[in-house]
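Here's a quick look at charged side chains and how they pair up. Have the structure open as you read.

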Amino acid sequence: MPESKDRFGRFTEAFARAMGTPGFLIGMTIFVTFWLGYNSIMPPEAQFDPQDQGFPLLTLVLSLQASYAAPLLLLAQNRQDDRDRVQIEQDRLRAERNLNDTEYLAREVVALRMAMRDMATREFIRAELKSFVDELDERQGGVERRAQ
């Protein structure tokens, strides 16, 4: 059953796409023009849709086409709406994941910045080494004085 339903759905979409093309409109215009022209120019015995009766067969054909076209177009539109609904849901989920990822990365950046504040900077290390060298120089100077 689902395969048959899907096949019919694909048919309705193809039908809807075909009805919306310039080729279809041009073809219908040529068809109706030929129909009207033939039934207007030919003698009454050769006309299959008499002009004096207001082209009842053409009216019937166009009404029949319209009565099938409207529901098929609606079915195609419903299928498109269902696809759009699924796509919107997928887009919403993707946006939610992206937001979660962005928030996670923002928290990580903040954590890294906080950790960087606790790290020793180049200037701090230089100052500590200078202080250590000065202290060593003082000790060594004191040892040399005692040795004298």
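Let's start with R94 and D91, whose side chains meet in a salt bridge, N to O at 2.9 Å. Keep in mind that this is a predicted model. Both residues sit in helix α3, 3 residues apart, or about one turn of the helix. R94 is partly exposed at 38% relative accessible area, and D91 is partly exposed too, at 33%.

## Another one-turn pair

Over in helix α4 (residues 122–147), K130 and D134 are 4 residues apart, again about one helical turn. They form a salt bridge, with the closest N and O atoms 3.7 Å apart. How exposed is K130? Its relative accessible area is 54%, so K130 counts as exposed, the cut-off being over 50%. D134, at 34%, is partly exposed.

R83 and E13 tell another story. Their side chains meet in a salt bridge at 2.7 Å, N to O.

Is E13 buried or exposed? E13 is buried, because its 10% relative accessibility falls under the 20% cut-off. R83 is partly exposed, at 38%.

## The wider picture

R83 and E13 also belong to a network of salt bridges that links them with D6, R10 and R79. For the model as a whole, the count comes to 10 salt bridges.

Notes: Residues are numbered from 1 along each chain as its sequence is written. This is a predicted model: local features need pLDDT of at least 70, side-chain atom pairs count only at pLDDT 80 or more; totals for chains, interfaces and linings use all residues. Side-chain values use heavy atoms; hydrogens and water are left out. A salt bridge is a side-chain nitrogen of Lys or Arg within 4 Å of a carboxyl oxygen of Asp or Glu. Buried means under 20% relative accessible area, exposed over 50%, partly exposed in between (1.4 Å probe, protein chains only). Helices (H or I, at least four residues) and strands (E, at least two) are DSSP runs, numbered from the N terminus.
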